Amino acid sequence: MHYPVITIFGAHRVVAIFVTVTTTIVIGVGGVTIIIGPSNGDTTPQIPGQEQTTPTPKPEKTPTREDKIRTWWHENGVKDAEKPLADNEVRQSPFYSVSVSAVDGTDSDNSSFTYMSIPRNGNPMRSDLNDDGAKFQADNHVTMSWSSFEYDTDVYVDVTLQTGAKLSDVNQVTVRPAKANIEKKLLDDKTVRLYIPQSNDGYRLSVEFAPELMDVYRYQGGLTLEGGEGHEYVGTEPKNSMLLFAQPWASRVDPTTIPTEADGTITYVTPGEVTNLDTVDTDIVYFKAGTYWMTNKYSANLPDRVKWVYFEPGAFVKGAFQFGVNENITNYKVTGYGVLSSEQYLYETDMSNGYKTLEHKDGANCHATCVKALKFTSTTPHQVLDLQGVTIKEPSYHSFVEYGFRPADPEKGSMSDAEFAEAVARNSAIEGANEQSFSQRVRNYQQVGSWYWQTDGMELYPGSTMKSSFFHTNDDAMKLYHSNVDVSNVVVWKNDNGPVFQWGWNYRNTENVKVDGTTVVHSLMNNSGATNTCVFNSSPHWNGGAFDYSDPSTTLKNWTISNTVVEGSVNCGFRIYALSNMENFKIINFHVDSWNGQPEANVVSRLTRPANKAGKKVTIGNETVDHNGIEIRNFSVGDTFVTKAGGNWASNELGRLDFDADCWDNWNATADGKPENMPTLSVEGLKDQESLDSRHLSFKGTTDGNRVVVTVNGTNMELPVVDGAFSADLTLDRAVNSVRVSAYSPENTVSRASYTIYSFGDKIGTLSDPSGDDKGAGTVVYPKSENFNPGSFDLLETSVYRDNDHYQFVTRMGAPVNNPWGMNQMSTQRLNIYIRSEANTSADVTPLLAGTNTFANGGWDYVLIADGRSESLPYNMGVYDNAGKLKGEVTLKVAGDRIMMSVDRSALDGVDLAKASYQVSIYSSSEDGEGVGNVRPIYSAECYAGGKGCPDFVKNFRFGGGKGIFTNESPYDSDTTDSNAIDIISGAIEQSKALSVNEDGKVVVPFVGFDARH
C-alpha cells in the first residue's frame, strides 16, 4: 500500500497529511491542485482563445522516494490567448494538453499543467512607440505554450493538439532539437506520444504540429505572413508553439538546490499579493506551490542578508528580484522548477520613474533602472550564483543582470548616475566595480515569451558554467564577454533582433571560452543591414561604429565554439567586427540546414579588422601558416561542407563568406577528410568593384594548377594553360558582372579569385567628390540607427555612360547602399542629379526641388530622381523637366556602393551630356508626412540629442547638425533656411562654403562639369 505524504507550508505552520490512495483526492493549496489517485482523463471540450472552466486534471501523486514522475497543476488556470489576466490567475494553454506516464507502467496519466505566454501579456502596444519588438507576434496572435515536469525514469509524454485540427500521419509532428532523436507515435488524430529517456540533464523540446506551422517573410523592414513579390522568406515556425521541459529529479540529482533549515533561516511566503519582501529578515525566501503577484508597481529589493530564493515546482510568481550587496555571502542561489514571470510589467518599466514606462525624450534610457527579473550586485570577494531550474516568463527587458558594486568613495572610481548607467548598459569596465568577481553555475534554466526587444539571454561572468538550458530571446542569446566560461547543451529560439553568440560591443581581454552543443531550433533574424545579427557575432563598438573604436592592446584567445546546429533557415553565419586581437579562435562542426530567402548580397558573412582612432588595426593570428587565427572546421550548409580549398566559401557561393581581403591568411575553412592544398593563382587586369570605360575586358594570370576556368555571370569558359600562364578577352553584357577565375589542381582542389566588374557602356565623363565629406556644411551627423550605415551618403563620383539607346548614370558612394526596409533597391537615400545644358545661360538663382532647401547658381533643364521609397508620391523616381513634367522613367539598380539609374536617351533629347554641367546631391528619403518633397529634414544638434521637446526617434532616424527642430506639421522643420543635403558634388568650391547660408538667407550650390573641365 502506498502512503504519500503531502506537506503544506503556510506563513507560520507546516501540515503533514497521510492518505491511503483508493480514490481520487483533490487538495487545493494556494491555487495549486495536488492530485492523488487514478483518473479517467480530461475529455472536456476546449475552445481556443476563450476562458474555460478548468477540468479536474489527471492525477499527480505527491512525490515520495519511490516516485518517478512529478507534475503539478494550477486550479486557477485560465485558458485565454488574448487578454491580460487577473492577478490571481495563471494563463493556461487552450491549444495543448500534456500527460506523463512511466514507460514501465508503474506511474501513468499524470496531467502536467500547460502554461502559455502571449505577446505583451495581452496588453496593447504603448502609444508612444512604433514598435516594441512584439508587434509582428502580437498582430498575428503568436503564442508560446510549455509544460514542465520532474522525472526519474523513461517516460511517455502525450501531447494533445486542441485546436480542432486533425493529424493523419506521425510525420506531421516534428520534435526539435533533431539530435534528441525522440521516438514518436500517433495515438489518435490529435495526440502524439513521445518516448523521452531518463536523463540527468533533462530535455528541452519543441513539439511542432504541421497545422500550426506558419511561413514568415520580410517586407519593407518588417515581418509578415504574406508571401508574394518583394516578400523575402525568413523562416517557418509554429504560430502556437509547444515546448516540453523534462527536468531531472532535483532532490536526487542536485539536492543542494532545495533549501533546508540547515542552510539558514527561511521565510515561507504566503500565496497572494506580495509587496513586503524588502524587510525579510531571513537567509532564504521560499515560494511553495501557489500563485503570487507583486503588482506592476513593485519589485522585490531584497535585504542584504538574503542569499537564496527558491521556487518550488508549481510556484508561479509574478514579479522581479534585486538582491542586496553583501561581501560575506559567497554563494547566492535562485533555484527550483517554479516560474518567475515579468508579465505584469510593461516594456521598459522604469523603477526610477515610479514604475511608469520609460519616457523616450532627451535621449533617455533605463539600462540601469528598468525592471529585470533577476538583478545582482557583486563585491570584491568572489561570489558564485547557482541558477537552477527556474523558468523566466515574458521578460519586460533584460531578464538577468549583474552589476559591479560602485563604491561611494570617489577615489575608488565613483561616477555620475548617468555615466554609470551608460557604462553598465554597454558592459564597459567600471573603475571600482567588481563584476569580474562574480560567476554563475547555470543549469536547467529556461526563458520563454521573450517578445520585446532587449530581452537578451544570459551574460556569463568569469569562471561561469551553463548547461542544459533553453532561451527564447529577442536580443543577444549568449553574451560571451568574460574568460574561463564553459557552456554546453543549450537550445535557442531566436526572434529577429540580435545574434545567437555575441562577444562584441566593446573591446576586452577574454580567453579560455568553450561552448559546445548549441542548437538553434528557430530563427527569425533577417535585418540585412544589421551589424548585430547572424549566428556568430562581434558587433561594432557601441560608441562610434565599427571603424574607429577598437583596441589592439586587448586580445581574445583560446576560444572553441563547437557542434552548433541551426535547424531550418537562418540569415547568415558570421558577422565579426574584431574590436580586439584574435588568437586561436575555433569554430568546429557548425551546421546550417539552409539559408533563408533573402538576397545573398544582403546576408553575407563578414570578417573585418577595425582600427582604433590612431588608425592601427587589431590583428588576427595567421591561420594558414601558424594555425593560430580563426579556424572554421566542418562548416556545412545542407549536405555540403564549405571549405576554402573547395572554392565554395565566397559571398556568391554556398558559404557566403564575404571576409575582408586583408584577412585572407587569418582564417581557413576545412573539413575532415577533404584535401587542403590549393594551387597557386595570380591574376592581372582584374580589380574587384572596378568600373570599366567600355564593355571590353582583358586579363591574364599564372598558376601551378593544370586547369583554369573563368565564369562570367554563371557561364563557364575553360582557358588554355600554357607553361603556367593563361589569358582572356571578354565582352560583358551586363551592368553588374560576376567574374570568377578558378584554378584547379590534379586533386581537384581549387583556388578562386572572384570579382564584381561594372560595365555600363561607353563612358561620357565623370564627376568626382572627396570622400568623408558627408557632413553637409560641416556639422551634419548620421542617425544612430544601424539602418543608416556610415559612408552610405558619401558621394564619391558620378559617371555617365552611353549604352545603345540608354544613358546610364552611375553614382558611387563611400559605403554599401543597403536596403534595410525592403523598398525598391534602396530605403534611406534620395539622389538628385540636375542637368544644365550648354545652351542654358540663365544666371538666375534657381530653386532645386521642394524640400531640399537648396538653390542653384543658374537654371537647370532636367532632374533625375532615384528614390526607392517614393513610388506613390509626387516627384517620385523619374526624369523631370524644370516645369515639373515627367519626361521619362528611371530604372533603378543598386549593387554594393553603386546607385545606377538607366534612362531612355529620348528623355534627354537635345542635351549633349558631354558638354552639360551637373549638380549632384543626396538627401535622406522620407515617407509622406515626414518631410516636404520626400526629403527628411536635418534637425539641429540640440533636437538630435533629444532637447527642445524633440521626439526620441529623431536621433535614430534623422540626420542632425542642421538649424531647425521637429514640428508635427509641414514643413516638419522650424527652420528651412539650411540645406537638407548631406553631400553634394561641388567641384572646385569647398562644400562647406557651398552649403552655407549666404547673406540672402539661401544656400546656393554650383553646377559642375566633368572632371577634365574643372
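Let's start with Asp152. Asp152 forms a salt bridge with Arg252, and their closest N and O atoms are 3.1 Å apart. By salt bridge I mean a side-chain nitrogen of Lys or Arg within 4 Å of a carboxyl oxygen of Asp or Glu. Asp152 lies in the loop between β12 (143-151) and β13 (155-161), and Arg252 in helix α2 (residues 250-253), so the pair ties together parts that are 100 residues apart in sequence. Helices (H or I, at least four residues) and strands (E, at least two) are DSSP runs, numbered from the N terminus. Asp152 is partly exposed, at 28% relative accessibility. On that scale, buried means under 20% relative accessible area, exposed over 50%, and partly exposed in between, with a 1.4 Å probe and protein chains only.

Some ground rules. This is a predicted model: local features need pLDDT of at least 70, side-chain atom pairs count only at pLDDT 80 or more, and totals for chains, interfaces and linings use all residues. Residues are numbered from 1 along each chain as its sequence is written, and side-chain values use heavy atoms, with hydrogens and water left out.

Back to charges. How many salt bridges does the structure hold? The count is 41. Take Arg126 and Glu348. They form a salt bridge, with the closest N and O atoms 3.3 Å apart. Arg126 sits in the loop between β11 (115-117) and α1 (135-139), and Glu348 in the loop between β31 (339-341) and β32 (349-350), so this pair ties together parts that are 222 residues apart in sequence. Buried or exposed? Arg126 counts as buried, at 11% relative accessibility. Glu348 is buried too, with a relative accessible area of 5%.

Next, Glu232 and Arg218. Their salt bridge has its closest N and O atoms 3.9 Å apart. Glu232 is in strand β20 (residues 232-238) and Arg218 in strand β18 (residues 213-219), 14 residues apart. Both Glu232 and Arg218 are buried.

There is also a network. Salt bridges link Asp254, Asp386, Arg441 and Arg443.

Arg443 takes us to strand β38. Five of the six residues of β38 (residues 438-443) are buried, so the strand is largely enclosed by the rest of the structure. Which strands pair with it? Strand β35 (residues 383-388) pairs with β38 in the parallel sense, over six bridges. Pairing here needs at least two DSSP bridges between the two strands. Gln388 has Arg443 as its bridge partner in β38. Strand β41 (residues 465-473) also pairs with β38 in the parallel sense, over three bridges. There, the bridge partner of Arg443 is Lys467.

Now two open sheets. Strands β58 (residues 707-712) and β59 run antiparallel, joined by five bridges. Thr711 stands opposite Asn716 in β59.

The other has six strands, ordered β71-β70-β69-β66-β74-β77, with antiparallel pairing. Its edges are β71 (886-888) and β77 (983-984); each has a single partner strand, so one side of each lacks a neighbour in the sheet. Inside, β69 (residues 862-867) and β70 (residues 878-881) pair in the antiparallel sense over four bridges. Leu864 has Val879 as its bridge partner in β70.

On to the cores. A nonpolar core is a set of buried Ala, Val, Leu, Ile, Met, Phe, Trp, Tyr and Cys residues joined through side-chain atoms within 4.5 Å. The largest has 87 residues, and those with the most contacts inside it are Leu277, Phe287 and Phe321. Strand β50 (residues 581-595) gives the largest share of this core, six residues. A second, separate core has 43 residues, including Tyr807, Leu892, Ile985 and Val1008.

What does Phe321 touch? Setting aside neighbours within four places in sequence, its contacts (heavy atoms within 4.5 Å) include Leu277, Phe287, Met294, Leu340 and Leu374.

Last, Ser341. Ser341 lies in strand β31. Ser341 counts as buried, at 0% relative accessibility. Its side chain makes a polar contact with the side chain of Glu343, at 2.7 Å. A polar contact is a pair of N or O atoms within 3.5 Å; within protein, one must be able to donate a hydrogen and the other to accept it, and residues adjacent in sequence count only if both atoms are side-chain atoms. Not counting residues up to four places away in sequence, Ser341 touches Phe316, Val317, Lys318, Gly319 and Lys393.
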